[in-house]
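Keep the structure open while you read.

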Amino acid sequence: MAGIYIHIPFCKQACHYCDFHFSTGLNKQPQMVAAIHKEILLRKEEIKEEVKTIYFGGGTPSLLTKDQIKVLLDTIYKNYDVSLNAEITLEANPDDLSLEKIQELSQTPINRLSIGVQSFFEEDLQLMNRAHNHEEALTSIREAKKFFDNISIDLIYGIPDMSNERWQQNLDIALSLEVPHISSYALTVEPKTALKKMIEKGKVAPVDDALAAAHFKILQEVMSSAGFINYEFSNFGKPDYFSKNNTAYWMGESYLGIGPSAHGYHQGVRSWNVSNNPKYIQAIEENQLPIEKETLSSNDAYNEYVMTRLRTMWGISLLEIEELFGNKYVNYLQKELPVFIEKGLIKKNENNYTITQNGKFLSDGIASDLFYIA
């Protein structure tokens with residue numbers, strides 16, 4: 001099984017916290033779509049497995065027209081072995097999701113929407129420089145539900161000056177909309193972002209790890225009570241509504257990264273496209289792939305396995321580690337795991353080891369402690 005990720009590098013405006021690759025100059029969108037279309041064709045021999053997920057990320061993929069989406073999907077269907085029940089996701093911003101736009105999207109093969117709400121409160125949206133407001137967030141989800149069953153929304157916690165009460169209200173509003181999947185992320189301050197500069201100048205309070213931890217605890221309790229399964233650290237789904245695309249990443253399956261800055265993975269090789277729109281378009285027009293590749297060492301592959309799997313409900317398997325990487329890593333883990341088990345941060349479930357509730361907010365740190373460093 002494999003996936004295809006398509007990066008659409010355009011946004012109406014720059015969110016203050018975002019460090020993804022994008023441009024707010026939309027005039028090159030037709031040339032970019034043509035280049036992405038051509039890259040799909042140029043790389044059709046790379047993935048021979050059945051494609052079970054197609055994901056439009058960004059940037060803001062909801063800026064694409066219905067015809068642009070159809071052209072790209074038609075090209076994939078004609079040149080790749082796409083599963084009959086493939087999950088096809090489009091990331092969308094609430095301000096793009098007018099009733100007309102939602103109806104148009106429903107006429108394409110897209111069957112899952114991931115809506116970037118981030119918060120239902122105006123003060124949070126303004127701090128993050130989001131393009132939508134509270135009412136647009138509510139309306140877009142209500143209208144989308146008329147045409148799409150599989151909807152996910154994104155929320156951000158740990159926002160400076162966000163009280164526990166306001167975070168609880170955010171979750172209450174989200175749950176009242178009855179969507180089957182919610183992704184929730186702690187606000188992080190990335191280098192070279194507007195948010196970092198605003199904090200350095202004292203215009204915004206620094207991000208507080210203790211506040212984020214408190215919000216995460218509330219998130220865990222509220223979502224569990226509402227019947228959601230925390231199948232990955234930041235992802236909560238009702239049964240049968242886990243993201244197939246994201247799950248494939250965490251389980252180490254192959255995926256093709258199309259578009260500028262897009263990353264891919266296939267049989268132990270990581271690849272990534274140039275993060276520059278003009279260079280990307282020029283290279284593709286010249287039938288060149290602007291791509292770099294790296295073959296993971298055994299240590300890197302093992303470390304990545306531990307990092308991704310410990311974030312999930314499935315955890316790490318010593319049997320699988322032995323099969324994939326060899327006895328050396330099993331022996332290493334058997335020496336290291338007891339410390340975390342004694343602290344109540346990791347538990348054994350049959351042949352797998354998973355992070356406990358107490359350990360979840362520390363999962364990345366725990367994983368790094370279990371890395372094999374030569």
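The notes below go through these spots in turn.

## First, a caveat

What you have here is a predicted model, so take the angles and distances below as computed from that model.

Gly 59 sits in the loop that runs between strand S2 (51-58) and helix H2 (66-79).

Now for phi. Glu 178 is not a glycine, yet its phi is positive, at about 55°. You'll find Glu 178 in the loop between helix H6 (164-176) and strand S6 (181-186). Is Glu 178 buried or exposed? It counts as exposed, because its relative accessibility is 63%, and the cut-off for exposed is over 50%. Lys 192 also has a positive phi without being a glycine, this one about 65°. Its place is the loop between S6 and helix H7 (194-200), and at 82% relative accessibility Lys 192 counts as exposed.

Helix H10 covers residues 277-285, and its buried residues are Asn 277, Tyr 280, Ile 281, Ala 283 and Ile 284. Why do these fall on the same side of H10? Because they cover an arc of only 165° around the axis. Pro 278, Lys 279 and Glu 285 are exposed on the other side of H10. So what covers the buried residues of H10? Among the elements doing that are helix H1 (29-42) and strand S11 (269-273).

At its start, Asn 276 reaches in with a side-chain oxygen, which comes to within 2.9 Å of the backbone nitrogen of Lys 279. After H10 comes Asn 287, with a positive phi near 60°.

## Thr 89 in strand S3

Next stop is Thr 89, which belongs to strand S3 (residues 82-92). Thr 89 counts as buried because its relative accessibility is 0%, where buried means under 20%.

Which residues does Thr 89 touch, leaving out those up to four places away in sequence? They are Ile 54, Tyr 55, Phe 56, Arg 112 and Ser 114. With Arg 112 there is also a side-chain to side-chain polar contact, at 3.4 Å.

How values were computed:
Residues are numbered from 1 along each chain as its sequence is written. This is a predicted model: local features need pLDDT of at least 70, side-chain atom pairs count only at pLDDT 80 or more; totals for chains, interfaces and linings use all residues. Side-chain values use heavy atoms; hydrogens and water are left out. Helices (H or I, at least four residues) and strands (E, at least two) are DSSP runs, numbered from the N terminus. Buried means under 20% relative accessible area, exposed over 50%, partly exposed in between (1.4 Å probe, protein chains only). The arc is that of the directions from the helix axis to the C-beta atoms. Contact means heavy atoms within 4.5 Å. A polar contact is a pair of N or O atoms within 3.5 Å; within protein, one must be able to donate a hydrogen and the other to accept it, and residues adjacent in sequence count only if both atoms are side-chain atoms.
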